[in-house]
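Trainee: Could you take me through one part of this protein slowly? I would like to look closely at the aromatic rings and what surrounds them.

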Amino acid sequence: MLSVSRIAVGNVRCVHPGFVRVRKHVLTGGFTQTFGSRRWISVKVNHSLLAKESTLNRRRRQTPTEHNAESNEPCSCDEDEPNGPNSSAIITPCDEKRRIPMMGELIQFPNDPSPYPAPPRRHVPINRFFQETERKTITSTGGPTCPPPPPPPPPKQSYTGYILGAIALTAGGLGLAYYNGLFDGAPPSEPVDDTKEDAQRKKKTYPASSKDLPKHVPYLLIGGGTASIAAFRSIRVHDPKAKVMMITNELEMPYMRPPLSKELWFNPTETEPLKFRQWNGSERSIFYEANDYYIDPSKLSESPNGGVAVARGYEVHRLDVVNRKAILTDGTEITYDKCLIATGARPKNLPIFESAPREVRERVTLFKSVHDFEQLSAKLDDGSRVAIVGGGFLGSELACALSKSEQTRKKKVEVFQLFHEGGNMAKVLPEYLSSWTTERLREEGVKVWPKTQVKAVEMQGSKLKLTLMDDSVLLVDRVIVAVGSEPNTDLAKTSGLEVDSQNGGFLVDAELRARSNVFVAGDAACFYDTKFGRRRVEHHDHAIVSGRLAGENMVGLNKPYTHQSMFWSDLGPRISYEAIGLIDSALPTVAVFAKRTAEEMSRAVAAVTAGGNDSEKLQAANANVSVDVKNVASIAEEQKQVERAKEQSKEQEPEDSFDKGVIFYLRDKKVVGLVLWNVFNRMGTARKILDQHTEYDDLNEVAKLFNLHERPAEDAELEAE
C-alpha cells in the first residue's frame, strides 16, 4: 500500500504571532497504518487557495497595531512568498477553517480525537532560523522588517603560495641544471686556437665551464705570468711527462710584460699587433708560446705525454694546504700534489683618482696588462694630451715611448709627466744623475713637471682638469697612473699563509717554500737572500729565475735562491742602462764616467729606431728563444744616422756629460749593487764583482773591467760583419 502524507505548509507571512503549524496525514484509500513501519512522504499543499483570499479579509483579522506597522513599513516579503517544494507553510486558525479539504483527506471535527497517531516530527529546514529571527524582530519592533542581507560569499582561495612555490622550484631546477653544465653546450673540437685567434674568442673564459677542469693535477700553478711559464719549463726538464695546469684571472695566454712599455710602441704600422721587432731585426710575439703548444684543460688528465694547460678567466679563492686542495671562486675544488703561487703584483692607484666620479675614472689607466696597452693605444686620438703620474721605471719609459714612437708622433700626442720627486727615477739613481736624466727626457719632447702632485681632479667639458699643489691647472684627455705596484697577496688571507709586514709579499724561505708542497715565485715572493737578507724584487729577470728555481724544488731538488737578478731600461737614444743587486738612491754611491764616442751614439740611435736594446736584453733574459737574423737598416741609412749623431754631439755638449759609466752602490763599504750606464754585454763581470761582496780600495780600478774608454771587441766584430 502506498501511503501519502500531505502536510499543509505555507510560506512565511508577516502576521499575528499566534500561529499554529498544521501537519495533516492522509492515507490513500482511507486505510489506517502505524507509523513505525511506514515511509512518509511529505509534500506541500498548494497555496493557491490561500492566495485567493482578499486583502480586505486578511486586514480584517489583523490588529490595529499590526495594520499600522504594515502600512508604514511595507515589506516585499508579504507578496513574494516562496512556494517551492523546500518551503514551509505557516497557517493561521482562520485560514484552517476556511480551507477546503482535498480529496482523500481525512476530515477531523473539533473536539474529536484523531483516529491516527500524530505524524513524526518533521525536519526543520535551515531557513527556519531566519523565520524565527523575523518573528522575534516583529515582536520587538512592532512591525515587519526586511530579511537580513545574504551572508557574504566565502573568500576566494589564494594561489600566491602555489605560484611562489612553483617559481622557487623552477629556479632551483635551472640552477641545478646550470651547475651540472646542461647549458654549456658541446666543447670546442680543437683544444686551443691558433696564433691568429679571433679577438672575441680570446677574450672569453676558457674553458667555458669550470666542470671541464681536471679534478686533480700533479702540478698546479696559480698565475699565468713569466714565473709560471718558467716553472713549467723547469718541471718538464726534470719530469718530461709532467701534467701541469695554470690558472690565471687574465684572458690571454702567458706573455711577457716589458714590451708593453717599450718595444710595442716603436712598432712600424705594418707590424702585426702584439708583435715587436728585436735587436737583430726579426719579429716575435709577446706571447711565450703559440696557442697550439698548450693542451685543452679537459684533456690534460688523459694526455699520455703530459703537458701544460691554461685555464683563463678563473681565480683561486682559497688553498687548503693540509688537504692539498685549491678552491676556485665558484666553489670548484681541484686537488694537487705540488702548488706554485705566482700571482704577481697589481698596480697602485692614488686616492684622488679612486674617489673620483665615474666619468673621471673612465679616463684613468692603471698600466699593467695587455688589455691596458690595447685600450690606451686605441683611445689616443689626434692631438690627445696625456698626463703620466709617476717618475719611476714605468712612468719614465711610457713618457719616452709616447713622445718618440711613430704611432703617437703621427697623432701629435702631447705628453706630460708629473711626480713629486726632484727628477726621474730619483729612488734608484743618485740625485745628479736623476736630474740629468730629466733633462734628456725633456729633449725627447716630454714635458716633465717634477716636485708637484695632483691636488684635485674633475671634468671640464670633455677634458680632465688636474689641479696641482701650486694651484696651477692642467687640462688633459687621459691620465696614466704609474706610481708603483703592490704584491697580490689576497690568497694569503683566505689560506692562512704568512705575509711579510715590511716588504710585502708571501713569506718564503731560501728555497721559495711557503708551506709544505706550496711554493711562491715572482713579484709576490718575499724571499730570503743569503747575501743581502730578506727581499722582494719586481723585475722580469727575477720572475724567470725564481720561477725556474721553484719548478726545480717542486720536483724535489731543494735548491736555495742565490741568484742576483738584473733589470734594464731605455729612455731614448742617450739613456740605456742595466742594473743588478741592491739599487737604492739612499745608499752611498761611487761613479766612474767616460764620454761616448759619436759612433757609439749613432749605434744607440739606430737601436732605438729599430726597436731598441731592450729586445736584446729581453732575449738574454728569456731562456730558449730562437730567432731569425735580419738586417735592421741599410748601410746608407746607418751612415746618415752616424752623421746626425755627430752633429747632435757637437751642437749639444753639456757641461756635465754622463754618457757612459758605472755606478757602484755601497753598504758597509761593500759593493751591493751596480748600474751599467750605457755599458752593455758586461753583466757577467758585474755579477762576479757582486758575488765577492767585498770592500775595494779603489773603485776606479774596478771600473776598468768594463772597458769604459775603449770599444768592446764584440762590438767591433759585430760592426765588421
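Mentor: Happy to! Let's begin with a term: rings of Phe, Tyr and Trp (its six-membered ring) pair if their centres lie within 6.5 Å, and planes under 30 degrees apart count as stacked, over 60 as edge-to-face and the rest as tilted. A pair of aromatic rings is thus described by the distance of the centres and the angle of the planes. Keep in mind that this is a predicted model, where local features need pLDDT of at least 70, side-chain atom pairs count only at pLDDT 80 or more, and totals for chains, interfaces and linings use all residues. Residues are numbered from 1 along each chain as its sequence is written, and side-chain values use heavy atoms, with hydrogens and water left out.

The structure holds twelve aromatic pairs. One of them joins Phe 416 and Trp 449: the ring centres are 5.9 Å apart and the planes make an angle of 75°, so the pair is edge-to-face. Phe 416 belongs to strand S14 (residues 414-418) and Trp 449 to strand S15 (residues 447-449), so this pair ties together parts that are 33 residues apart in sequence. Strands here (E, at least two residues), like helices (H or I, at least four), are DSSP runs numbered from the N terminus.

How covered are the two partners? Buried means under 20% relative accessible area, exposed over 50%, and partly exposed in between (1.4 Å probe, protein chains only). Phe 416 counts as buried because its relative accessibility is 4%, while Trp 449, at 29%, counts as partly exposed.

Lys 447 lies over the face of the Phe 416 ring, 5.8 Å from the ring centre. For a charge to sit over a ring, NZ of Lys or CZ of Arg must be within 6 Å of the ring centre and within 35 degrees of the ring normal.

Now find Trp 436, where you can see another such arrangement: the charged end of Arg 440 sits over the Trp 436 ring, 4.7 Å from its centre. Trp 436 is also part of one aromatic cluster, together with Tyr 432, Tyr 577, Phe 593, Phe 658 and Trp 677.

Among contacts (heavy atoms within 4.5 Å) between residues at least 6 apart in sequence, 70% join residues at least 24 apart.
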